[in-house]
Amino acid sequence: MNKTLLKATFKSNWGVGLIIAAVMIMYAFSIISIYDPNSLAGLTDMVKMMPKELVAAMGFEDLGTTLTTYVGNTYYNFIAILFPMIYVIIVGNRLVAKHVDSGSMAFLLSTPNSRLTIVKTQALYLLSSITAIFLLLILAAISICQAMFPGSLDIGGFLLLNLVSLLTFYAIGGITFLFSCIFNDTKQSLSFGAGVPIAFFVLNMLSNAGEQMSWLKYFTIFSLLNPTEILEKSSTTLISIIILLMISAITYTCGIVLFNRRSLPL
Amino acid sequence: MSIIKVNNLTKTYKNGKGIFDLDFSVKEGEVFGYLGPNGAGKTTTIRQLMGFTNADKGSCTIMGLDCRTQTEEIQKSVGYLPGEIAFFDNMTGEAFLKFIKEMKSIEDKSRMHDLIERFELDPSRKIRKMSKGMKQKVGIISAFMHDPEVYILDEPTSGLDPLMQRNFINLINEEKSRGKTILMSSHIFEEIDKTSDRIGVIKEGRLVTVEDVHSIKASLRKIFIVNVGNQKDIDIIKSSGLEINSVTGNQIEIVVSSNYNKFNQVLAKCNVLGIEILNQSLEQVFMKYYG
């Protein structure tokens, strides 16, 4: 790892991260603020008036009975997937592929730092910035819940839900990072780095939308992030965590190793 | 001792271009001019030396270290200037130079500041808004700031104005006198002429010749165009045994390589009205390898 590079990468990317975190916190605030423990049934009725498939696709079908299940189902089925995904797509591409495409990688590699050091530093930035976004979100969401509905949030369950979400984005980040490492130009890196997560996202929505398409859940990473099951402390959560960790480990390692070995067009 | 060694290096690209069985070395303290038309393989060779690409065959070393596998160690003693300069977006020249300084773990800022002054760079501007020449200066300063033992420079003066080009040539000659080893690709004969000890010419990926500049210069012939008073003088010169290129009226072109004394003696017998010298340049010698 190289501190100077980490600092420079932070300087050119923190803005995107901050905007994403701010938007996510804003959504969290609006979703939590419309929660009313007495009329959750009423809210469920209102949701039922909307087109069934659309509601299901966004995961709003079953809002549960507590603040935690409500937040889990409204927020972690959609908002908590969409925005980190946008972040990871933008930044993942910038971290390696953009430097190779523009040629600025030549300057990085002409300093006495190995390719491994450079690419590991970039990977570290991606992982730690995703972590930071989720930490901000967790802090904000817990504070908002405690301020508006003291004691209503199942903090343990909520933290577990966030842990699985975070690991999901370690994995998605790993995928965009891998594509960023292996392609010579940003066009390719971006089409794969964005295409694959977006495909997962669409498949996830489709698989939620109806029984006939539920088999699609086997083709998307996002089905491993299932708020209802996580909050029920289902045993499948542990399996999800293990799979997500494995995907992350494999994608980051492959990205780093392949980048170290390949020919760069600098 | 050879500092840079290229052994049977081959790298073929998909379009059939590349470098083939390249074999040469650059000795310690030597400036090696690397010439060749566009697309001949100069930058491809330099990429190999920098360890950016994997070779199909052969290898290259700098100070005995393998260019592809021991890059990190090599970069401590190499200053590299890329042919196409791309920096970090949105950084000012100052921020970028500071960044490179830290990446290279340089403590002493004085050399960087000397170079900034020498090239009259205003580093406070955003690099994105700099002209080609200003970017080139930033690149040169990045390459030279850690006072390395070896320089690898890809068309170092492109974009520089004539004054800065001269400035750069002086810098190269200073570094040479300090014992630095330099490999420099270029299209500009003048800068190669003024700096290089040896010249390698690459064409279509193959090294066509490596020549010693000092011996070429010694063997360069000079053509004197002499205007004389009358036909009698022409006859004296013709019968003197000097090498005559052509005669037009009272003007005669005499080729001289080493026999200056005889040239003098012959002319002393004539009524000389004027002498012009036609220098055969390095450019004329090497032009035949282009095209």
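Analyst: A residue is called buried when its relative accessible area is under 20%, exposed when it is over 50%, and partly exposed in between, with a 1.4 Å probe and protein chains only. This is a predicted model, in which local features need pLDDT of at least 70 and side-chain atom pairs count only at pLDDT 80 or more, while totals for chains, interfaces and linings use all residues. Residues are numbered from 1 along each chain as its sequence is written, chains are lettered from A and ligands numbered from 1 in the order in which they are written, and side-chain values use heavy atoms, with hydrogens and water left out.

User: What makes β7(B) largely enclosed by the rest of the structure?

Analyst: Strand β7 of chain B covers residues 150-154, a strand being a DSSP run of E with at least two residues, and a helix one of H or I with at least four, numbered from the N terminus. Because 5 of the 5 residues of β7(B) are buried, the strand is largely enclosed. Val150(B), Ile152(B) and Asp154(B) point one way, whereas Tyr151(B) and Leu153(B) point the other way.

User: How do you know that β7(B) pairs with β6(B), and which strand does β7(B) also pair with?

Analyst: Pairing requires that DSSP finds at least two bridges, and β6(B), residues 78-81, has 4 bridges to β7(B) in the parallel sense, with Gly79(B) opposite Tyr151(B) and Leu81(B) opposite Leu153(B). On β6(B), Val78(B) and Tyr80(B) point one way and Gly79(B) and Leu81(B) the other, and all of them are buried. β7(B) also pairs with β8(B), residues 181-186, in the parallel sense over 5 bridges, and here Asp154(B) stands opposite Ser185(B).

User: Why is a set of residues that includes Tyr75(A) and Phe144(B) called a nonpolar core?

Analyst: The name applies because the members are buried Ala, Val, Leu, Ile, Met, Phe, Trp, Tyr or Cys residues joined through side-chain atoms within 4.5 Å. Of the 156 residues in the largest such core, Tyr75(A), Phe177(A), Phe144(B), Leu183(B) and Phe286(B) touch the most other members. Its largest share, 16 residues, comes from helix α4 of chain A, residues 67-95. Leaving aside residues up to four places away in sequence, Tyr75(A) touches Met24(A), Ile25(A), Tyr27(A), Ala28(A), Ile31(A), Ala80(A) and Leu137(A), where touching means heavy atoms within 4.5 Å.

User: Which residues belong to the second, separate core?

Analyst: This core has 13 residues, among them Phe224(B), Ile237(B), Val256(B) and Cys270(B).
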